[in-house]
Amino acid sequence: MKIRALEARSRLKRRHFVASVAACGLAACLVSSCTAYSFQTATAPAGLSMELILTKINQVRRANRRQPLVYNAKLEQAARRQASLMATRDELSHNLGETLRERVRAAGYIGAVGENVAGGHPTLEAAIEGWLASPAHNRTLLSDKFTEFGLAVQHVPGGKKSRYGIYWALIMGGDSNAWFAT
């Protein structure tokens, strides 16, 4: 009888401990503006649509109490150029002979911009989770100063051996005045 009482007490202590840890984790998440997000699906590039991309990006923003973004075809064009450059050269970089500003200007976009790039992520959700895990990319993705975005993905051409095999580019944009406001 004493053993059962000790086992029951031990289980109760474990439950209290687990509940306390969970509560602390939730509190820390709420206080620190939690950036973790768990997707229910995984979308390979072939299954992407503008509506799906917009939904996924805005789900993450909504989960982090940020305003939704709108999709911008000019930013997509600039992102497509960057993803293509990275795939062609098989190099993950923000600057492959032309700057972000040069790419967005060539696409006809005027405004403040920020860029996230990624390599090797097989799905949109994996790329987003990678950006969320990186402090600098996270700040770009969740910035309140950006109001629109474009996204592109590109496989390395010809199935040649590659370090990453697939490259993602996300370009965020918004009014330049937002960066000067106090």
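How many of the eight residues of strand S2 (residues 112-119) are buried? In this predicted model, eight of the eight are buried, so strand S2 is largely enclosed by the rest of the structure. In a regular strand the side chains alternate between the two faces of the sheet. Strand S2 is covered on both faces, with Ala112, Gly114, Asn116 and Ala118 buried on one side, and Val113, Glu115, Val117 and Gly119 buried on the other.

The pairing of S2 with strand S4 (residues 166-174) is antiparallel and extends over eight bridges; within it, Asn116 has Leu170 of S4 as its bridge partner.

Strand S4 also contains Tyr167, a residue that counts as buried because its relative accessible area is 0%, where the cut-off for burial is under 20%. The distances computed for Tyr167 involve Asp90, Glu91 and Pro122, as set out below.

| Partner of Tyr167 | Atoms or groups concerned | Distance |
|---|---|---|
| Asp90 | side chain to side chain, a polar contact | 2.5 Å |

As for the confidence of the prediction, the protein chain has an average pLDDT of 81, and 76% of the residues score at least 70. Over residues 1-34, by contrast, the pLDDT is below 50, and this stretch has five contacts in the model beyond near neighbours in sequence.

Terms used
Residues numbered from 1 in each chain as written. Predicted model: local features only at pLDDT ≥ 70, side-chain atom pairs only at ≥ 80, totals over all residues. Heavy atoms only, no water. Buried < 20%, exposed > 50% of the residue type's maximum accessible area, 1.4 Å probe, protein only. Helix = DSSP H or I, 4+ residues; strand = E, 2+ residues; numbered from the N terminus. Pairing = 2+ DSSP bridges. Polar contact = N/O pair within 3.5 Å; in protein donor to acceptor, adjacent residues only side chain to side chain. pLDDT = per-residue confidence, 0-100. Contact = heavy atoms within 4.5 Å.
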